[in-house]
Amino acid sequence: MKRSCSNRERATHTFNSLFCCLLISAFLAACVGIPDNQSSSSHLHLQPTPAAHLTYVAIGASDTFGTGTNDPATQCWPASLIKRLGPDARLINLGIPGIDAHDALNIEVPVALDSHAHLITVWLAVNDLIDKVPLASYQKDLASVLQRLQAANPQARIFVANVPDLTVLPRFAHSDKQALRSTIFAYNSVIATVVAGQHVILVDLYQTWQTLSEHPEYISADGFHPNASGYAVLAEIFYDTLQMHHL
């Protein structure tokens, strides 16, 4: 997918914008409700965030962010998944459109480390494949992502998704299907190797989402990303994998 700017520039700009919004929101929250004749130091009481029974962090790119829907914040698959995890579960969706595994290592992972998550999903593959990142570099970056997450939070349950069958998408209708399928197999082989080496859990989208070819209605108008219905199916796949591993 050709971009007008680099993945690093887009990802960094998006992250900086979100971070600035959080800072502004925090400042406004601190300033609201203080009468003019009262001291903020003695009367300012910030309500703490309620403790969550389960904190879930989603690391990924546009397909985690929810691109392809009318409302990514509520229609992305992590938002559908969190509803299944219970009313006291909290979602932190770090998905940034355009990001590769290498940039996620420096942008998303540090935020994930600060969250002290109980559950982490990592779906960083499709952009690397499309951008033709060398397999050795991708393997090193994905392994580094998982190593950092585990070193900082060894109790977290980590699930890693692989590359689904992109050959059935309209975006690749005129591509060399055999060459694309070979590349997908190569990436998924690397992902399986890293998952086994890091002792985390694989979410095998290539095998479990084969029905995608029978449901073109799951794909958004861009011919590449899922729509709200497609993301709902993805959430079911992730949830079924979580259930198989007693989470």
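**Helix packing and nonpolar core of the predicted model**

The protein chain contains 11 helices and five strands, where helices (H or I, at least four residues) and strands (E, at least two) are DSSP runs numbered from the N terminus. The model is predicted, so that local features need pLDDT of at least 70 and side-chain atom pairs count only at pLDDT 80 or more, while totals for chains, interfaces and linings use all residues. Residues are numbered from 1 along each chain as its sequence is written, and side-chain values use heavy atoms, with hydrogens and water left out.

Of the 247 residues in the protein chain, 45% are buried; buried denotes under 20% relative accessible area, exposed over 50%, and partly exposed in between (1.4 Å probe, protein chains only). The chain exposes about 12800 Å², of which 57% is supplied by carbon and sulfur atoms; accessible areas come from the Shrake-Rupley method with a 1.4 Å probe, and for residues only the protein chains shown count as cover. Where contacts (heavy atoms within 4.5 Å) join residues at least 6 apart in sequence, 77% of them link residues at least 24 apart.

A nonpolar core is a set of buried Ala, Val, Leu, Ile, Met, Phe, Trp, Tyr and Cys residues joined through side-chain atoms within 4.5 Å. The largest such core comprises 71 residues, among which Ile-59, Leu-85 and Val-122 touch the most other members. Helix H11 (residues 228-244) gives the most to this core, contributing eight residues. When neighbours within four places in sequence are set aside, the contacts of Ile-59 include Leu-94, Val-109, Ala-112, Ile-120, Val-122 and Leu-149, together with Thr-64 and Glu-108.

Helix H11 also packs against helix H5 (residues 77-84): the two axes come within 8 Å and cross at roughly 45°. Axes are lines fitted to C-alpha atoms, for helices over the stretch in contact, and angles run from 0 to 180 degrees between N-to-C directions. Angles under 35 degrees count as roughly parallel, over 145 as roughly antiparallel, 65 to 115 as roughly perpendicular and the rest as oblique; H5 and H11 are therefore oblique to each other. From H5, the contact is made by Trp-77, Ser-80, Leu-81 and Arg-84, and the residues of H11 that take part include Tyr-231, Ala-232, Ala-235, Phe-238 and Leu-242. Ser-80 counts as buried because its relative accessibility is 19%. Beyond residues up to four places away in sequence, Ser-80 touches Ala-232 and Ala-235.

With helix H9 (residues 177-198), H8 packs at an angle of about 30°, the axes being 10 Å apart. Among the residues making this contact are Leu-135, Leu-142 and Leu-146 of H8 and Tyr-187, Val-190 and Val-194 of H9.

Positive phi values in residues other than glycine occur at His-116, near 50°, and at Lys-132, near 60°. His-116 lies in the loop between helix H6 (101-115) and strand E3 (119-123), and counts as exposed because its relative accessibility is 61%. Lys-132 lies in the loop between helix H7 (126-130) and helix H8 (135-152); at 71% relative accessibility, Lys-132 likewise counts as exposed.
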